[in-house]
Every structure is written in structure tokens, then in C-alpha cells.
Amino acid sequence: MGTQRRQTIRHLYGWTILIVAVLSQRCHGTCPEKELQRREEEANIVLTGTVEEIMNMDPVHNTYSCKVRVWRYLKGKTMVNGEVLLDGGNKVMIGGFGDPGICDNRVSTGDTRIFFVNLAPEYMWPAHKNELMLNSSLMRITLRNLEEVENYVEGM
Ligand SMILES: *[C@@H]1O[C@H](CO)[C@@H](O)[C@H](O)[C@H]1NC(C)=O
């Protein structure tokens, strides 16, 4: 009796793990991430930077902006000027984190990423004036990722 019960429990346990594994893969797979080339084309500015401060939490939409220290522009450096530049010129404000239309849309302070952004369009003013808006998923900085993005930028 006892052995059989234990076996049943083990069986259930195994099935649960399998189902959870399949479901989590599914969920991950359904986020409609575009191809990197499309993402590069849609973003007028691509930069690498580190999140220094999280601010302007929107309690309704659960979105937020971050002050980001810029390390390098992979694309669109000349578009970033004037009041978009903060603290003497090497920081920018990026908005749109938490946007459900973007798959990987969350950061913590200290995260260093590749950011695909556009200047905030006028209809988003005044809330996002002089901000850059996240346009697609955050990307980890690896040699391979940097090379891939740079290749697309140069290919234009
Ligand atoms: C990204 O930018 C393109 C324009 O280049 C725009 O059509 C699209 O809506 C933007 N996507 C997001 C999530 O803001």
C-alpha cells in the first residue's frame, strides 16, 4: 500500500514538472520578438549604457524611466543632443520600461545593456519630452551581440 502511494506521488510530481516546463517554454515562445535586423531598422538610436537611477514610475501603466550612463553609441549619436543629454552630456533618460509591447522590458539599477530607442514623439510630451523611448527588447552585452548589431548598422 505504502509503496504504491509513494509511486503515485512520484508520478504526479514528475508530470507536474513536465507540464510546468512545457508551459514556461510556451510563454517564452509567444512573445513576438522581431528579428534583430528589423529592430535595428526601427530604432534610430542604439546605445550601450548602465542604468543609474529608476524614476517616474507610472502607477497606472506600470512603466518607468531610467537615467542611463551611456558608454557608446552604436547608431544615431548625432540625434542625441541638446536637452536630451543630462549631467554634462554622458547620460540620457530612457522611458518605456515595463511596456508590455516589448518582450524583455525590465531593468534594475546597475544593469548594463544594449538599448534600442527613439526620441520620444511629440504626442508623448510633456511627460516624456527630451526622453528616449525604448523601442524593442533590452539586449545583453556580449561580443556576439555587439558584432551582430554593428553589422546591421553598417549594412544600412
Ligand atoms: C518602434 O519604432 C517604430 C518606428 O521606427 C514604431 O513604428 C514602433 O511603433 C516602435 N515600437 C515601439 C514598441 O515603440
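Student: Where is N130 placed?

Tutor: N130 sits in the loop between β4 and β5. Strands such as these are DSSP runs of E, at least two residues, while helices are runs of H or I, at least four; both are numbered from the N terminus. This is a predicted model: local features need pLDDT of at least 70, side-chain atom pairs count only at pLDDT 80 or more, and totals for chains, interfaces and linings use all residues. Residues are numbered from 1 along each chain as its sequence is written, and side-chain values use heavy atoms, with hydrogens and water left out.

Student: Why is N130 called partly exposed?

Tutor: Its relative accessible area is 28%. Buried means under 20%, exposed means over 50%, and partly exposed lies in between (1.4 Å probe, protein chains only). The value of 28% falls in between, so N130 is partly exposed.

Student: What makes N62 partly exposed too?

Tutor: N62 has 49% relative accessibility, so N62 counts as partly exposed. N62 lies in the loop between β1 and β2. Its phi is positive, about 60°, although N62 is not a glycine. N130 also has a positive phi, about 65°, and is not a glycine.

Student: Which residues does N130 touch, leaving out those up to four places away in sequence?

Tutor: N130 touches E83 and V84. Contact means heavy atoms within 4.5 Å.

Student: What makes the pair N130 and E83 a polar contact?

Tutor: Their side chains meet at 3.5 Å. A polar contact is a pair of N or O atoms within 3.5 Å; within protein, one must be able to donate a hydrogen and the other to accept it, and residues adjacent in sequence count only if both atoms are side-chain atoms. The value of 3.5 Å meets that limit, so the pair counts.

Student: Which peptide bond is cis?

Tutor: The bond from W125 to P126 is, with omega near -5°. P126 lies in the loop between β4 and β5.

Student: Which residues have the most contacts inside the largest nonpolar core?

Tutor: They are L47, V92, I94, F97, F115, L132 and L134, in a core of 20 residues. A nonpolar core is a set of buried Ala, Val, Leu, Ile, Met, Phe, Trp, Tyr and Cys residues joined through side-chain atoms within 4.5 Å. β2 (63-75) is one of the elements that give two or more residues to this core. β2 gives the most, with 5 residues. Another core, of 10 residues, lies apart from it and includes A43, V46, F116 and V149. In soluble globular proteins, nonpolar side chains tend to be buried together.

Student: How do you know that the protein is more spread out than a compact globule?

Tutor: Start with its elements: 3 helices and 6 strands. The radius of gyration is 21 Å, well over the 15 Å that the globule rule gives for 156 residues, so the protein is more spread out than a compact globule. The radius is taken over C-alpha atoms, and the rule is 2.2 Å times the number of residues to the power 0.38. Those C-alpha atoms fill a box of roughly 75 × 40 × 25 Å along the principal axes.

Student: What surrounds the ligand?

Tutor: E42, N118 and N135 do; near means a heavy atom within 4 Å. An N or O atom in the N135 side chain is 2.4 Å from a ligand oxygen. For the N118 side chain, the distance is 3.2 Å. A backbone N or O atom of E42 lies 2.8 Å from a ligand oxygen.
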